[in-house]
Structure formats: structure tokens, C-alpha cells
Amino acid sequence: MGEIGIAIRTEGLTKVYRIGIRGTHVGIGDLTVEVPEGEIYGLVGPNGAGKTTTLKLLLGLLFPTSGSGEVLGLPLGSPDYKARIGYVPDGPYFYDHLNAPELLRFYGALFGLTGKVLEQRIAELLELVGMADRAHFRVHEYSKGMRQRVAVAQALLNDPDLIFLDEPTAGLDPMGAIQMRNIVLDLRQRGKTVFLCSHLLKDMEPMCDRVAIVSRGALKLTGPIDEVLQAGAGYRVRATGVSPETRRKIEAVVTGIVEPDADGVAVLKAADQKRALEVANTAAGDGAQVLEVGPDRRTLEEVFIDVVEGQAGD
Amino acid sequence: MDKKRGAGVAARSLAIMLLLVAIGLVALAVLNLQGLRLLFGSLALLLVGIAAAILLQPNFRAIYRVASATFFEARRRRFMNVILIFAVILVGLSSFFATLSPSAELNMLLDIGLGSIRLCGMLIAVFLGARLIADEVDKKTVDVILAKPVRRAEFVIGKFLGAWITVTCFLLVMGVAFFIVYQIKAPQLVAKMQAVGMALSLEETSANVLKATLLILFEMMVLTSIAITVSTFASWIFSAVFAFTTYFAGQLSSYFHHIATFNDKSVAIINPSIKMFSWVIYRLLPHFEFFDIREKLLTHDPVYWEMIGMTAGHGVLYSLVLVALACVFFSYREF
Amino acid sequence: MGRRERLFLGIFLIFLAWIALQPMDDWVAQHRIIYGYNRPTPITKIVEFRPTAVTGILAGAMLGSFRGVAANFLWLKMQRLWNEGQASALGRTGEAEDVMRTVTLLDPHWLEPWTFAGWHYSYNLSYEAEAAHNYARQGEFIQRGLNYLVEGVSYNPGTYDLYFEVAWTYFDKMKEYDEAAKWARATLTFSHPEFIPRQIGHAYERKPDIPQALDWYDYCMKQNPADNTAKGAILTIRERYLPAWRLMEQGKYDEALKSTQYYLNVDPKGRIGLHLKATIYERKGDLQKALETWRYAATSLSINWYAERQVARLSAKLGVPAPADIVFLPSGPPSLRRPTGAGGALPTRPGQ
Ligand SMILES: Nc1ncnc2c1ncn2[C@@H]1O[C@H](COP(=O)(O)OP(=O)(O)OP(=O)(O)O)[C@@H](O)[C@H]1O
Ligand SMILES: [Mg+2]
């Protein structure tokens with residue numbers, strides 16, 4: 001029991017949608033992943049890749065066409081794990097006529113929470129998602145972001161061990177997005193597992209411990225974030241205004257140069273940190289503006305585009 | 001842990017044993033051994049119910065929460081209030097028709113009053129039943145609920161109970177309104193009828209009005225369960241249309257029985273396949289006419305509680321069987 | 001257990017429960033019939049009707065308890081027509097007739113429209129025809145009223161009211177005494193007023209069937225020794241008609257006629273006497289004389305459909321054309337149908 005458990009495990013999980021009488025469409029095909037406990041797991045992919053489909057399979061809202069899976073050690077769809085999970089759906093909808101506390105009271109009761117415990121929990125959560133001052137609004141008077149916040153609150157009611165988030169930052173203002181991120185990080189801090197679906201790669205990259213890239217219903221790439229992003233162990237220097245003269249000077253040191261993009265930012269790559277600093281110094285001495293010196297991690301965006309476009313080719 | 005599992009296995013074996021006994025009882029009921037069909041059938045139903053409860057172990061708290069949420073939500077639907085106001089007006093109007101004879105007038109008061117209650121109850125039962133689950137699915141509110149520790153069957157049963165409680169409340173409001181109107185209008189009519197030597201008493205007719213209203217309650221339970229069951233696999237419009245059609249066809253169920261069992265060749269020869277068809281229809285259709293005691297209302301004969309009890313019991317059991325079917329359908333639905 | 005297996009098991013259990021529910025279902029259905037909660041229109045009824053009527057019946061049944069509301073509103077309309085005088089004018093009964101017809105089909109167990117229709121035709125309209133000296137029309141109206149009542153009985157074989165209405169209309173308007181007695185006897189299977197057996201006696205007395213009349217009056221006396229009407233009737237019959245009847249039965253027709261004539265001399269237009277006299281002639285085989293006597297009874301008394309029918313009957317028997325002033329030749333009384341649901345055989349003798 002000392003080893004790290006597996007929160008979610010799927011094996012060849014496949015969902016084929018039926019379209020019309022004959023037509024079929026693969027929502028997600030042959031998905032085999034493992035999500036270790038206590039990690040933030042990001043499922044990324046373009047629109048229509050099958051992220052929501054996967055999530056619904058894991059929640060038992062959809063039934064797999066083939067393959068199998070386990071959540072918290074229980075077979076998919078079993079009502080027994082639902083007491084220990086939370087779910088923030090994509091574009092959440094609620095009973096329109098209720099206000100936030102009423103709504104949370106209803107959902108809380110479904111978890112068997114009652115009385116003072118429940119009231120206190122509701123107050124805490126409304127504070128956490130920044131809705132305490134607008135609690136008396138009815139749901140149909142909510143903005144999209146406010147709904148999203150309530151959705152997060154209801155998902156946390158039972159202090160879940162595993163939480164599923166589908167596009168959690170959609171509709172949130174920058175402050176909201178940051179709060180969201182803090183909530184997620186805090187969950188990890190407390191040893192919870194988070195399963196995140198998004199195509200907002202910039203938000204995902206700094207949070208996730210592990211990512212899986214899906215596209216058109218197929219799993220393209222999966223692994224710990226560092227493995228996925230750090231293709232080589234090199235360093236890089238990002239700078240603007242790199243003159244041809246400078247280039248010549250550093251020619252021997254750099255391992256590659258990425259030509260300036262639209263903003264004039266060029267990337268100069270070096271094998272290790274020492275050489276990278278050398279490159280940066282040289283460039284700065286020649287009047288270039290050095291923006292960043294750091295490990296040569298590809299951005300998730302780059303990896304993603306590679307993977308997805310690579311698929312577009314075949 | 002082991003103990004718990006052991007208890008689970010024991011409960012399951014018990015349930016399976018009960019089901020086997022139930023199958024035997026159903027066989028006896030079908031064979032009509034000793035003419036005790038009713039006893040065997042009822043016992044079998046009881047056993048199936050207990051076995052289902054043991055196997056599924058429903059979470060009554062979840063059912064209760066869903067039901068009460070449904071009730072509070074339903075009350076806010078605007079069309080319900082419109083129907084309620086409409087009904088109370090109709091019920092009030094029923095006392096304004098004057099005719100030649102007091103007996104026709106009493107008859108009219110009863111028919112129009114109870115008819116309005118029934119009509120409005122029917123509209124509420126059908127539209128509520130058809131839309132409750134469909135709306136949750138359309139608005140995707142069901143996603144969040146089903147991700148909570150609520151089983152789908154519990155959700156359906158909760159919805160059904162919530163709908164029925166709502167319908168019941170509306171019927172009670174309408175029933176009280178009509179009973180007041182009746183108590184104002186009926187005594188003078190009854191007195192006039194007694195004066196010409198007709199044997200009836202105000203107490204008995206009033207009791208009949210209450211019993212008729214009570215039966216409408218169970219009638220609407222069956223109607224709600226039909227609407228809900230169909231709405232678990234079809235659109236709400238289809239399910240509303242289906243429920244209305246079934247309602248009116250169900251009034252004809254005794255005709256199907258009549259055709260199926262008609263044997264007087266001197267009067268008419270009925271094609272055996274038509275007979276067979278009628279028999280199947282008779283067995284499948286809910287017998288909505290059971291809830292109609294109008295004949296007794298017209299003749300002012302007493303309606304026995306035994307009859308009311310059996311009819312209501314039949315309504316409840318029929319609804320439960322349908323709702324069980326709804327649970328099965330809903331459990332296999334994807335969102 | 002896989003998903004599919006669970007589905008099948010669930011459906012099997014529901015099917016089981018549904019079968020187990022059927023006995024309860026049948027119990028309620030049977031008891032509704034037995035105790036009169038449900039009186040479906042018998043299929044025989046549907047078979048014998050025009051397609052439009054079938055539609056009406058099925059629509060009514062399908063509306064369930066709403067049919068009462070529909071029937072009520074039609075009934076209100078009927079009353080409006082009535083108040084506007086549209087239902088009473090001779091020959092202009094079209095709309096009222098339609099409304100009445102529809103009400104009875106929509107709600108065949110509502111007795112009032114049947115009674116009303118019967119009464120409206122046999123009394124109101126027939127009276128108007130009589131006042132206009134249109135006797136053929138009058139007979140037609142009486143017959144139509146009776147048709148309504150008899151049809152009403154066929155839907156409501158289990159209630160007293162309409163049987164009595166038929167019996168009374170036969171007795172009082174149609175003057176068809178056998179039918180009147182038969183229908184009055186039918187009411188005896190229900191709880192009935194005390195005067196019914198006496199009424200049967202009256203019908204037999206007028207026919208006349210003296211032994212039957214005496215039997216029924218005796219029965220009345222047995223039921224209620226203080227029944228003075230029956231007592232008086234018995235005395236009168238014993239004194240005036242019984243001797244003649246006995247003589248007739250012994251074949252002593254001339255003596256029987258003499259005995260009858262004794263009282264006819266006192267009251268030449270005595271209905272029972274004249275009817276008895278004609279009956280004796282007919283038994284004797286003197287059809288010509290019988291015809292004349294019936295003729296006299298038909299013309300000398302206020303409208304006497306009974307005598308007129310006998311004239312028509314005997315004329316046909318003799319092969320002579322019926323006299324021109326005999327206008328009423330009904331196609332025959334509607335038979336007493338015994339739809340499903342009615343009790344056993346009717347009592348033909350008192351106390352049976
Ligand atoms: N109910 C359905 N019936 C048929 N096809 C469906 C259904 N739901 C989704 N799909 C298809 O399955 C594929 C995956 O859809 P899914 O909703 O999982 O995508 P997603 O990754 O969540 O996209 P997004 O980022 O836009 O939310 C899509 O091509 C979609 O068209
Ligand atoms: Mg999605």
C-alpha cells in the first residue's frame with residue numbers, strides 16, 4: 001500500500017457514436033492511460049478530439065463500446081466511486097430557479113450532507129470561488145463565469161479525492177482563471193487527483209504533472225509533462241534585434257538558431273547553461289535585447305501543433 | 001470487510017430465492033390453482049418488490065431529495081398556475097348551469113366539476129411527466145446529478161414521486177374548491193330530489209364526490225408514470241401525445257375485453273386474429289376506466305371502500321411496474 | 001453480470017410483475033361489472049347499429065368520464081331548443097331529435113334523456129298530433145317514444161326506471177296490454193313500488209284475460225290485505241266478468257255472451273265488457289261479429305288503439321280490407337331484448 005496508487009486506469013477504452021441508422025463516429029478510440037493518485041492530469045486536444053467523451057465515459061454518463069476502465073479501483077459507472085469524486089462539466093447548467101446556496105444544499109444532500117456541516121461547507125466554498133457576495137442571485141441571473149464558479153463549488157462539496165474538470169477556465173475572467181489555478185494546485189497539495197480537460201494549453205502547461213494529447217478520437221502522446229516538453233536537454237536564449245554580426249560571433253557556440261518570428265524574437269540554442277549564458281552575453285553586448293535564458297523546453301503549444309499537424313498529414 | 005461481503009452474498013441469495021418463489025407463484029396464478037389467482041399474484045408482486053429492494057438497496061434519502069427538488073421546481077412552472085386558475089374557475093362555473101330537473105342539475109354539477117378536475121389533472125400529469133426528465137436531459141442538469149452518488153433508478157423514482165406529489169397538491173386544491181362549491185349547491189338540489197321521493201342522502205353523495213376525487217389521484221399517478229416512462233426514451237412531445245392517446249384508448253379497454261371474449265356466433269362472428277389482437281391490447285392497456293365511478297355518482301349508490309382500495313392499489317402497482325420499466329430504460333440511456 | 005444480462009433480467013422481472021398484476025386487474029374489472037361500476041355497451045348493441053351510432057358510442061366511451069360533460073352540454077342545448085319551442089312544433093323536430101339522439105348515445109347510462117325522449121314523443125308530440133286530428137302521426141310519435149324507451153332499457157337492463165316507463169307508455173298511450181303487462185312484470189325483478197302488481201292486473205283486466213287479472217289482484221291482496229283498489233277490482237271482476245269467462249272456457253259461448261250483455265246494457269260503452277264480448281265471439285269462431293264488436297269499441301270510445309289493432313288484425317284474417325278510418329297500423333311492438341347483464345327469466349305468474 002506504500003506505493004502510489006492509480007486513480008484512473010483505462011484499457012482500450014472506446015466509444016463509437018452512432019449517427020443516424022448506419023453511420024458511426026469514433027468519439028474516442030482505444031484509450032489506454034493511467035492517472036496516478038495525487039497528480040494533475042491534463043487531457044488536451046483540439047475541439048472534437050474526444051475529451052468530453054472520455055470524461056463522460058469515466059463518469060458513467062456514457063457506456064464504452066469496448067474496452068474497460070477503473071476509477072478509484074471500481075469499474076466504470078459504479079455508483080460507489082461517485083461519492084468520492086467531483087465533476088465540473090463543460091458549460092454547466094443548473095436548476096434556474098435556485099440560488100447558489102439552495103443549489104449547493106440540494107447537491108450536498110445528494111452526498112448525504114446535512115445540517116450545520118453542510119451549511120458551513122457551503123459558506124466556505126462560496127468564499128473560495130468568490131461568490132459569497134452574490135449568493136442570493138438565482139442561477140438564471142448568473143453570468144457564464146458565475147455559473148462556472150458555482151460549478152466548481154458544487155464539485156468540491158464532498159471534498160473529493162478525484163476531481164474531473166472540463167474546460168474549467170472557460171468563461172472565467174483573469175482573476176477567476178488564477179483563482180481556479182490556485183484551487184487546482186491546492187487540491188494537489190492536499191493529495192487529491194485532478195483530471196483536467198482543456199485546449200487552453202497555456203493554462204495547462206504550468207499546472208499539469210502529466211498530459212495526454214488526443215486528437216480525432218485517438219491518443220497521440222502521453223507522459224509526464226517534462227518528458228513531453230523537454231525534447232533535448234539543451235538551453236536556449238530568446239532575444240530580439242540579433243544582428244548578423246552577433247550571429248557570426250556565436251556561430252561556434254550555438255547548436256541551432258530559430259529565425260525571428262513576427263515579433264522579431266529569435267531563439268538561439270545552446271548545449272548547456274554555461275554556453276547559453278555566453279551566447280546571451282555576446283548578444284547583449286552587441287545591442288540585442290535578451291528576453292529569456294532558460295532550458296530549451298518546447299511549449300506545450302509547439303508539441304501540440306506538431307502532434308496534431310502530424311496527424312493532419314496522414 | 002469480509003463480513004460485509006458475506007452479508008452481501010447472503011442478501012443476494014435471499015433475493016434470488018424470493019424471485020424463484022415469485023416465479024412459482026406467478027405460474028400458480030396463471031394456472032389459477034384453486035381459483036386463488038389474486039392471492040398468488042399479489043404475493044408474487046410482493047416478493048418481486050422485496051427482492052428488488054434487497055438487490056438494489058435504494059438510497060431513500062437520494063430519492064427523497066430528488067423528489068422534493070422536483071416538487072419545488074415544478075411549482076414554479078408557469079403553465080401549472082395557469083391550469084390551476086383555469087380549473088378553479090371551471091369548478092366554480094359548474095354551479096351556474098340550471099336545467100329542467102334538480103336531478104339533471106346535480107348530475108351536471110358533478111360531471112362538470114369532476115370533469116374539470118380530471119381534465120386539469122390530466123394536463124398537469126401529462127406535461128409534467130413528459131417534461132421533467134426531458135428537460136433535465138435537454139438542459140444537461142442531469143449530468144451533474146448523475147455524477148453524484150445517485151443511481152439512475154433513484155433519479156427516475158424521485159422524479160416520478162415529485163411529479164405525483166405535485167399533481168396531488170394541485171388535485172387537492174381543485175378538489176377542495178369543488179367540494180366547497182358542492183356543499184353550497186348540492187343541499188338544495190338533494191332536498192328537491194328527496195321531495196319527489198328519490199332515495200338519496202347528501203352525506204352519501206358528498207362521500208361519493210370525495211371518493212371520486214381520490215380515485216382521480218391514482219388515475220393521474222398511472223398517467224404520470226406513462227408520460228415519464230415514455231419520456232425516458234423518446235422526446236417529451238412524443239411522450240405527451242402517447243400519454244393522451246393511451247388515456248383515451250384506456251377508457252375503451254373493456255371493449256377490447258368484450259371483443260376478445262365474445263362468443264355469441266348468432267350475433268356476430270369475430271375474426272380470431274382480431275380477438276387475439278384485442279386480448280393483447282386489453283392486457284397491455286392501462287385500464288383508465290377503473291378510476292371512473294360516474295355510474296355510481298349518477299345513481300347515488302354508495303361506493304364501497306373495498307372497490308376504492310383495490311382500484312387504488314391496482315393503480316399504484318401498475319404505476320410501479322411502469323416506473324420500474326422507466327428505470328431500466330433510463331439506466332441504458334447515454335447523455 | 002454484464003450490462004446486457006442485467007437488462008434482460010430487469011425486463012424479465014418487470015414482465016413477471018406485470019403478469020402477477022393481471023389477477024388484480026381482473027378482480028377489479030369483474031367487480032366493476034358485477035356491482036355496476038362499469039356498464040359497457042354490449043357488442044350486440046354495437047353490431048346492430050348504424051356506423052354513425054357506433055362512432056357515437058365509441059367516442060362516448062373513449063371520452064371516459066368526460067362523456068358526461070359533453071352530454072351535459074348537449075342536454076343544455078336540448079333544453080334551449082325546448083324553451084324556444086323548437087322541440088315541440090310538429091314536423092320541426094330535426095335538431096332536437098339529433099341532439100337527443102346524440103346525448104343518449106354519448107351517455108347511454110344517463111336515464112333522464114331516455115325518459116325525457118320517451119315522454120316527449122309519446123305525450124307532448126303525440127298530444128299535438130291528436131289535437132290536430134292527425135292520428136297516423138300520433139301513433140307514429142307514440143311508437144317513436146317507445147322505441148327510445150326500449151332502446152334505453154337495452155343499455156340499462158339493470159335499473160327499474162325505464163322498464164316502468166315502457167310498461168306505462170304501453171298501458172296508457174299505446175294501449176297494448178300484453179306488452180304493458182310483460183314490461184311491468186319485468187320491473188318486479190327490482191325493488192319496485194307497491195302498485196306494480198296491481199298495474200299488471202289492470203293491464204290483464206283491460207285485455208281482458210280475466211284469470212290472469214284475478215291472479216295478480218289476489219297477489220296484491222296477499223302482499224297487502226289492506227289494498228282496497230285490488231279488493232274492489234276483485235269484487236267487480238268476480239261479479240261482472242268471471243261468470244262469462246268461465247262459460248266461454250266451457251264452450252258455452254252464447255250463455256257467455258248473454259252474461260256479458262247484461263252489464264253492457266247498463267254501460268253500453270264499457271271498455272272491458274266490449275273487449276270481453278269481442279273475445280268471446282272470436283273464440284266462438286264468429287270472426288265477423290268479433291270484428292264488428294272491436295270496431296264498435298274502437299269508434300265509440302275515445303282513442304282506443306287496442307281495439308283498432310284488433311280490427312286490423314281480424315280484417316286481415318278475414319281477407320277484407322281494413323276500414324278506412326282505422327289509421328293506426330303499427331309495424332309491431334319492439335321486442336323486449338335481453339342484453340347481457342340482465343337477470344334470469346321474467347316471472348310470468350305472480351309470486352314467481
Ligand atoms: N452525442 C454524440 N453523438 C454523436 N457524436 C458525438 C456525440 N458527442 C460527441 N460526438 C462527437 O465525438 C467527437 C468528440 O466529441 P467531444 O465532445 O468528446 O470533443 P471534445 O474533445 O470535448 O471537444 P471540445 O473541445 O469542443 O469540447 C466529436 O467529433 C463529436 O462530433
Ligand atoms: Mg468538450
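Analyst: An oxygen atom of ligand 1 lies 2.9 Å from an N or O atom in the side chain of A:N47. Such a pair is a polar contact, meaning N or O atoms within 3.5 Å; within protein, one must be able to donate a hydrogen and the other to accept it, and residues adjacent in sequence count only if both atoms are side-chain atoms. This is a predicted model: local features need pLDDT of at least 70, side-chain atom pairs count only at pLDDT 80 or more, and totals for chains, interfaces and linings use all residues. Residues are numbered from 1 along each chain as its sequence is written, chains are lettered from A and ligands numbered from 1 in the order in which they are written, and side-chain values use heavy atoms, with hydrogens and water left out.

User: Which polar backbone atom is 2.8 Å from an oxygen atom of ligand 1, and which polar side-chain atom lies 3.4 Å from a nitrogen atom of ligand 1?

Analyst: The backbone atom belongs to A:G48. The side-chain atom belongs to A:Y17. Taken alone, ligand 1 exposes 630 Å², and the protein buries 64% of that. Accessible areas come from the Shrake-Rupley method with a 1.4 Å probe; for residues, only the protein chains shown count as cover.

User: How many residues surround ligand 1?

Analyst: A residue is near a molecule or strand if one of its heavy atoms lies within 4 Å of it. Here 14 residues surround ligand 1, and the closest are A:H25, A:G48, A:K51, A:T52 and A:T53. By type, the shell has 3 nonpolar, 8 polar and 3 charged residues. In this count Ala, Val, Leu, Ile, Met, Phe, Trp, Tyr, Cys and Pro are nonpolar, Asp, Glu, Lys and Arg are charged, and the others, Gly among them, are polar.

User: Which elements of chain A each supply at least two residues of that shell?

Analyst: Helices (H or I, at least four residues) and strands (E, at least two) are DSSP runs, numbered from the N terminus. In chain A, β2 (23-31) and α1 (51-59) each supply at least two residues of the shell around ligand 1. The largest share, 3 residues, comes from α1(A).

User: How does β2(A) pair with strand β1 of chain A?

Analyst: Strands of a sheet pair through backbone hydrogen bonds, either parallel or antiparallel. Two strands count as paired if DSSP finds at least two bridges between them. Strand β1 (residues 6-19) of chain A runs antiparallel to β2(A), and 6 bridges join them. One bridge partner pair is A:K15 with A:I28 in β2(A). The hairpin of these strands has 3 residues between them, and A:G20 in this hairpin takes a positive phi near 70°. A:D30 lies in strand β2 of chain A, and the phi of A:D30 is near 50°, a positive value in a residue other than glycine.

User: What is the order of the 4 strands in the open sheet of chain A?

Analyst: The order is β13-β14-β12-β15, with antiparallel pairing. β13 (256-258) and β15 of chain A stand at the edges with a single partner strand each, so one side of each is left without a neighbour in the sheet. Strand β12 (residues 235-240) of chain A pairs with strand β14 (residues 265-270) of chain A over 6 bridges. β12(A) also pairs with strand β15 (residues 289-295) of chain A over 6 bridges. A:T240 has partners in both strands: A:V265 in β14(A) and A:Q289 in β15(A).

User: Where do the domain bounds of chain A fall?

Analyst: Such bounds come from an automatic or database domain assignment. Chain A is divided into domain 1 (6-229) and domain 2 (234-296), and their C-alpha centres lie 41 Å apart.

User: How many helices and strands are in chain B?

Analyst: Chain B has 13 helices and 0 strands. The C-alpha atoms of chain B fill a box of roughly 80 × 55 × 40 Å, taken along the principal axes.
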